[in-house]
Structures are given as structure tokens and as C-alpha cells.
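This report describes one protein chain for a reader who is new to structural work. Please look over the sequence and the structure before reading on.

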Amino acid sequence: MGDSLTLPACSVPPPTLDPVEELYRELETKIREYRPKDDLAPLQKAFAFARKYHQGQSRDSGEPYMAHPIHVAIILAEMRMDLVAMETGLLHDVVEDTSVTVELVRKEFGPEVARCVDGVTKLSKLDFFSAEDRQAENFRKMLLAMVEDIRVIMVKLADRIHNMRTLGYLGPERRERIARETLDIYAPIAHRLGMGKVRGELEDLAFQYLEPDVYREILGAIESRRHSSEEFLEEIRATVEAELKVENIPARIDARIKRPFSVYQKLRRQKIGVDEVYDLLALRIVTDSVKNCYAALGVIHNRWRPIPGRIKDFIAIPRPNLYQSLHTSVVGPHGQTFEVQIRTEEMHRIAEEGIAAHWKYKEGRKGPAADDQRIAWLRHLVEWQRDMQDPGEFMSTLKVDLYPEEAYTFTPRGKVIILPKDATPIDFAYAIHSDVGNTCCGAKVNGRIVPLRSSLRNGDIVEIMTQPGHQPSKDWLGFVKTSRARNKIKHLINANERTKAIEIGEKYLDKEARRLGVQMARIGSKELDQVAADYGYSKAEDLYAALGYGKMSARQVLSKAAPGVVSDEPEEPKPAPGELAGGAPAGPSVPGRAGDHDAVIRVRGIDDLLVYRAKCCNPIRGESIVGYVTRGKGVAVHSKMCPNVQNLMYDVERKIEVEWVRTAEDAFPVRIVVHTDDRPGMLSQLTALLSDENTNIRSLQAKAELDQDGGVVEMTVDVRDKKQLEKLVAAMRRISGVRDVERLLN
């Protein structure tokens, strides 16, 4: 028998999963932790379906596109969402980015998943006039879908979190646009839904890309103090633990350092430097009952001196997003201030997870109860803005509505009315009922009659006085704070203005017809409806309104209605039709060459209307602008950031599209205010920077602010466009000792 060859035993390595498959296995593992008995076959099917249609697509980072939907589903699993939400997470981009239709999703995965996928799908395949229109309609669609099923926004938030985590792979312009949208819309939505953890991450990620220099400076300041801060917090934590033990108060104590964006907000609000932020540190006490929350507060105040005005009781009066906690700031053992938050375990869970903490899908429920306060604001928002046509107005009022309310006021019977900071009695009146707001003629606050523009404060008892037949004043738009009040006032004023404009338009057309020898009796309603259609209006009434507003001349209308009798060639400037209607202050602006006023801007598609830049905001090239047809003065052009724009745009029919037309080196004066440390050489550094940038200084004034140990420099400089202004502001902020730089719009 010959020698046999013995081969060494070797283990066959298990087949390796590709990265996408591994990610999916991670998702299943996370789900099994809190849904051990669920059948994951529908999820597996959604994964296979999405992978098939995203095959060959990749992200800007270079990884397969399918990794993104899985990461979104993993974030939803970390929120402990249900399978419908996670199926939607896996499928959320298939309709938008592949050939899949909503109908196919409905056929394969059922109506619930299809509705959610449709809710998160952008309207990118429709034709919009501008990017702003598209953005506004996308958010409008998302809000309506949220009312139907709150899971839509949970998927959108998870999608946004992962996109923000990977934002570094995009170009600078896309990065800034997405980060700004996150800070303006998504972080506030997370706040209104009570999701503190999600809001915090979104804010810090957006801040990192929008203000990279300031972010690094604040992060550096926090890190440089981290060791001493942690030592201090540990000392405080041990002291509090011992004190609570003596009083038999069970508690879990966490210490934390303020988030970078939270620090930044404080710097902006108080115009101080990083070194002057003393409450970077906070302690959180989580106990077992409301009674022990108040007992713990007593222990803290007995041990350290509280800072007046910094004690807030959100347990007795929760925030609108149902957040509950006791807040106090105290002076610590070394003269260092720190914040203490006290809450129960349930309150802590709601503060971190918000609406996701109450997720229940038994008996076919799609989320929280219909009366859940966290989405009641959303239902009202959709109601108030359903008829809002102007996308710019929709976006700006949406941003206002998303920010947290801060004033807790009361009716004489003790009902709490929660309003934004600095809200007025008018806002209070409309919060009670539309009719109360419309007929409001006066108000008493704490028993005393006050002006209607007064700002309400926490604890104010407000009594509204009404008068039948009373109408809102246009001036109210200048000081109301809530979109509910603003929209109701605009609606009534708009209706009155439109009625007046129709009357003026009819008289103007009739008088011009008589002057030109045209018999209006021979022009039938059919001809006028056809002319209205030519101008893009649905009926003759809209045409009369446009004439009354001054969007066209009566001669132009008559040339279309009676082409054989009237030519559309203008003869010479005519008096404004407001003079033809018994002195009514309305009518078109007098035609003139664009060069007569502001040759760098024109009305889109029209070269012969008077155009001028509004003095309140002095828009500069590169800024988004909007035109407003004034009575007899031409078209006023405002920056869309101008605080006066919303007050003017109560009548959307007067809005007109305008655009920048010349690219010459025109100089635009801009007012800038710089808040600085009060130190020698600061002014010299600022003027040297302006000189280096070849920027002309028209005026400059500097003064010390003794109460804040700082200085204020106010200057007017010439800039060519928005980019040059942004470059200047960024350079100023990099100067050591500069606390904040802001542009004054009026």
C-alpha cells in the first residue's frame, strides 16, 4: 500500500455579504430588539423592490444609492417606528428617482405604504415657474400628508438626518441651501413635535455648514473647557446626589454641556462673546413623581442661590409640544452659573422622543389621537394656509408658525391662550375667534386699557372689546405676529380692495371708451371674457380688477376688445385712473422708460414701467426681489427679506415679477452694524479690511456700550452684489473680538 497524502484541514470562510446586504441585516437586528414577533417578510420585499429599481444608482459619496434608504429605515427603527414607516423609509425615493409609480407601490405594498410614499415624494416632475414655487408646493403637499398620517414627517425627518450626516459630499451651494432649509423648516418641525433629540442633531449639523468659522470657534471654546467643565459637573452631581439622598428623593442625575448651536443662539441674542457664556453647563435630574420634581427644586434652591427670572415651570403649564420640566439657573460653589432641569422619567422620554414616544398602531390607528396638541397646530396651519396662493408668503408664514410660542396669556375666565413672543391683543382676539378679531376695537390687559399694538407678556389677563360692524385696519398688518391674525386681516382687506379696484377699473374702461369713441354697449361679455383670458384671467371681473390696480392700460384692453376701432399704440401719458373715479386712490402707474428710475431692474417681460428700489431695504444685485404695484408711483422693488414685504403683500394681485437686468459695476449702499469687544485697534482692523476689499465707506459711526463691555460700529458701505456683501460679513466675523455682524434693512 503506497504512502497516502494527508491534506491539512481547512475551514471554508462563510460567504461575505455585500455592504448593502449587511446594512439591511443591521436594520432587521434593530427591529427584532423591540418587535421580536413581527413578520419581517413585507420589509424584506420592500428592500428587494427598492434595490431592484435603484440598481446602478450611486450617491455623491460614491456608495450605492440603496445604502441611503436603509440608513433612513435604521433611523426610523431607532425611533421605534412601525413596519409601515420602515417600508416607507426603504421605498421613499423610488417614485421620485426611478420609473416606479405610486400606483405600482399601492399594488405591491397596499394603500397605507403607498399613501406615505406619495406624501414624502417631491413634486419635481411638475413644471413650476421658479424654484421657490416648487419648494413651497412641496412643503404644502408634505403638510397635508402629515395631517393624514404623521408617519410621513417621521420618514422625512429620518431622510433629512441622514442627508445632513452626509452633506459634506455635496457642492457648497447645495450644502448651504439644504442646511438653510433644515434650520428653517425641519428642525422647527421636530421641535413642534417635541422631538428634542432630532431637533438638536439637525440644528448642530446645519449650523456646522452655514457658519463654519463660528461653529469651529464655539466648538474650540467648548473643547478647551471640557476637562474643567466635566470636573465641575461631577462635583455638582455628587453634591446634588447626596442632598437628594438625605431627603429620600430617588433620582437619576445626568450632566451635559450646551450644544454649539444653542451657544450660538445665545451669542446672537445677547451680543456677547464666547468667553461670556457662563451657563454652558447643565444638570438634569430625573425622578419618579411630580411631587418629587418640586421637592428636588426646593433642595437645589436651598443649596445654591437661584437667578431671578430664570425659574420656569413647564410642568404646570406645558409647552405646546407637550414638553414638561422644571428649569432653574443657580450660582454654583465657585461663582459659576449652571442650569438645572428636573422632570419625571415619562417627561424625559417625551422631551427626547416627542410624538414618537406615544406611537400606537393598534386597531388601525395611524399615529397620535386627533386631539393631540402636538399636531393640533398643524391642523390649524393647514386650515389657515389652504387658500394662500403666493409661494413666498406661504414659506415665510410657515417659518413663523414653526417657531416656538413663548407667551402664556389668559382670558378673564382663566383659559390659557399660547401666543408667540411679543404678540398683541389683536393676535389674542383672533386666537379666540375670527369674529372677535374682526370686530375688535380695544383691549384691556390686567384690567387696564392698552393700545392694540402693545406686546403681551407671560401671565397677562386679556379682555377684548368688540363693536358690531367694526372692520380690521390695514395698519394692524404692521404689528400682528400670528399668521392666523395676518391671514384673516389680509382676507378682509383684500376683499374690500378688490371690490374698490373692480369699480375703478369699470369706470376707467368706460371713460377711456367714451374718449376713444368706442361704444361699450357693443362689446359683449363674451368679448370681454376673451380679452380677460388673453391676459390670463378667468373672467371679466378679474380684468376690471387688474385695470383698477394699474397692471395694464384701458387702451390696451379696448384695442383687443375692439381691434378695428382702437390701436394699442400709446398716445401720451394719461392721468392715473384714480383721478377718474372721484379721487379714489387707485390706478396704473404712468408709463415711462425703465431708465427714468432704476435701470438695473425691470418688470419681467415689460420694459416701459417705472421701477424703483424701495428705500426701506435697498435691495442689492443677487438678492431675491419682488415688485409691488404702487398707486401712481410705479413698481416698488423690495428684497424678499424686507420686513415690510409681508405687510404690503396683503393684496397678491399687486405683486409683479421683477428681475435684475444689467451686470455693470453698479454700487449699492448697504448699512451694516458690527458688535465688537471694546478694545484699541478694532476700528482700524475693520476699516483696513474694507480697504483691502476695495469697498467705499459712505459713513461710519462707532460708540462704546458700557453696560455690555463692548462697542457698536454702524457703517454704510458700497457693495456690488450679494456675494461681495457675504464675503465682507464673513471676513468681519473672522476678526478677533467681533461678536456679531448684521445688515440693517430699514
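Is Asn248 buried or exposed? Asn248 is exposed, with a relative accessible area of 66%; here buried means under 20% relative accessible area, exposed over 50%, and partly exposed in between, with a 1.4 Å probe and protein chains only.

The model is predicted: local features need pLDDT of at least 70, side-chain atom pairs count only at pLDDT 80 or more, and totals for chains, interfaces and linings use all residues. Residues are numbered from 1 along each chain as its sequence is written, and side-chain values use heavy atoms, with hydrogens and water left out.

**Confidence**

The predictor's confidence in each residue, from 0 to 100, is called pLDDT. The chain has an average pLDDT of 78, and 78% of the residues score at least 70. Confidence is highest in helix H14 (residues 290-303), at a mean of 94, and lowest in helix H17 (residues 391-402), at 57. Helices (H or I, at least four residues) and strands (E, at least two) are DSSP runs, numbered from the N terminus. Over residues 571-597 the pLDDT is below 50. Where pLDDT is low, the predicted coordinates should not be read in detail.

**Backbone features**

Most residues other than glycine have a negative phi. Asn248, which is not a glycine, has a positive phi of about 60° and is found in the loop between helix H12 (212-246) and strand S1 (251-257). Asn446 also has a positive phi, near 55°. Asn446 is in the loop between strand S9 (440-445) and strand S10 (448-450), and is partly exposed, with a relative accessible area of 47%.

Helix H10 (residues 172-192) has 21 residues, which at 1.5 Å a residue should span 30 Å; its end C-alpha atoms are 29 Å apart, which agrees. The expected span is 1.5 Å times one less than the number of residues. H10 bends by about 40° at Thr182, the bend being the angle between axes fitted to the seven residues ending there and the seven starting there.

**A sheet of four strands**

Four strands form an open sheet in the order S13-S15-S14-S16, with mixed pairing. Strands S13 (611-613) and S16 (655-656) stand at the edges with a single partner strand each, so one side of each has no neighbour in the sheet. Two strands pair if DSSP finds at least two bridges between them. S13 and S15 (residues 635-639) pair in the parallel sense over three bridges, and Val611 stands opposite Val635 in S15.

**Salt bridges**

Side chains of opposite charge can pair when their charged atoms come close. A salt bridge is a side-chain nitrogen of Lys or Arg within 4 Å of a carboxyl oxygen of Asp or Glu.

| Pair | N to O distance |
|---|---|
| Arg51 and Glu21 | 3.1 Å |
| Arg733 and Glu211 | 3.1 Å |
| Arg739 and Asp677 | 2.8 Å |

Arg739 in strand S21 (residues 738-744) and Asp677 in strand S18 (residues 668-677) link distant parts of the chain, 62 residues apart. Arg739 counts as buried at 13% relative accessibility, whereas Asp677 counts as partly exposed at 29%. Salt bridges that share partners join Asp18, Glu21, Arg25, Glu28 and Arg51 into one network.

How values were computed:
Contact = heavy atoms within 4.5 Å.
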